Amino acid sequence: MLIFSSSDKGGTGRSVTSCNMAYRLSLLGRDVAYLDFDFGSPTAGAIFEIPKLERGTHEGGLHSFILGETTVPARVDIRKVTERPALQERPSGSGRLTLFPGDVGGAEFHLTDDHIKAAIRLFQAVEREFDVCIVDLSAGRSSALDMSLNAISPRVRKKSKDSNDRVRWLLFHRWTTQHVIAAGGLLFEENGILPCAIEAGFDKTEFMRLVRTVRTAVPDSSAFGQKTTAEQTRWVVRSDDHLKALAQGRGLGQDLLAGTTPLEPMLLWREQVIMDLDVNRRLAKPATTQAFDKLAVRVVDDHAWEGF
């Protein structure tokens, strides 16, 4: 299965949520590949706490592969190279967790047919080897986004025998006015995801079956602290209602929602994998790992996906 992670803006929590989803899926026994397609800023290595890859690799990363500068993209077994001891452990029954890093100094490029062909080869190869492949795209409208849509187009990709296309397209956004408006624009407006998908050969209805949203860092009244006033609680409720109406009006309503993640203080200081160990130490909220677990299961389960 290919899961594409997109967002209109930086700072949405797209990458950190995707990394946590990858980790959770590996705990469930899935072999997971994480492809860092954020070519301008490939920092997934930092989230997995791999210092030598915190800005990508110098040795033939995904950017080099797409440009034809290497025939085999670099990869690492995250558990073998992370500096976080707890993450080095592979619990019984868990699957592989592999990072395909981007390149240090990679950047946007003018998209060509050769780039699309390289992406097709890459996606086919990782799908054969891994159960789940998460492709973390650059924020906004990008060559990576355009290339990915063309590489999974019905013109080049056949549905599986059970008629379920093993592709998911996630659109991440923060639960704020600006981010909801931006996400709606990225999905529906000119040069957005849906228009580009149709241009790449998708039927509108069929493509929208692949798309779901993820609302990240959703606060509740506890964000005000332990002495939350009645006025603050009422304000949070009104703001949440306003955002729900805004999302519905922008085509990002409940029917398109894959999941939400709560505001997690640990992630305000450091983008990282949140482990059960962090919850046991009372550093992270139980609701955070529960949200990542729930999202991971929903995204890979065909029945849950269709039933959102």
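The model is predicted, so local features require a pLDDT of at least 70 and side-chain atom pairs count only at pLDDT 80 or more, while totals for chains, interfaces and linings use all residues. Residues are numbered from 1 along each chain as its sequence is written, and side-chain values use heavy atoms, with hydrogens and water left out.

In soluble globular proteins, nonpolar side chains tend to be buried together. A nonpolar core is here a set of buried Ala, Val, Leu, Ile, Met, Phe, Trp, Tyr and Cys residues joined through side-chain atoms within 4.5 Å; buried means under 20% relative accessible area, exposed over 50%, and partly exposed in between, with a 1.4 Å probe and protein chains only. The largest such core has 50 residues, and Leu-35, Phe-37, Phe-123, Trp-169 and Phe-207 have the most contacts inside it. Helix α6 (residues 113-129) gives the most to this core, with seven residues. A second, separate core of 40 residues includes Ile-78, Phe-172, Val-273 and Val-299.

Helices (H or I, at least four residues) and strands (E, at least two) are DSSP runs, numbered from the N terminus. The axes of α6 and helix α7 (residues 143-151) come within 9 Å and cross at roughly 65 degrees; axes are lines fitted to C-alpha atoms, for helices over the stretch in contact, and angles run from 0 to 180 degrees between N-to-C directions. On the side of α6, the contact is made by His-115, Ile-116, Ala-119, Ile-120 and Phe-123, and on the side of α7 by Met-147, Ser-148, Asn-150 and Ala-151, where contact means heavy atoms within 4.5 Å.

Thr-289 lies in helix α14 (residues 286-300). This residue is buried, with a relative accessible area of 6%. Apart from neighbours within four places in sequence, Thr-289 is in contact with Arg-24, Ile-274, Met-275, Asp-276 and Val-279. Its side chain also reaches the backbone oxygen of Pro-286 at 3.1 Å.

Glu-49, with a phi of about 60 degrees, is in the loop between α2 (44-47) and α3 (62-66). Ala-217, with a phi of about 50 degrees, belongs to strand β7 and is buried, with a relative accessible area of 17%.

Methods: A polar contact is a pair of N or O atoms within 3.5 Å; within protein, one must be able to donate a hydrogen and the other to accept it, and residues adjacent in sequence count only if both atoms are side-chain atoms.
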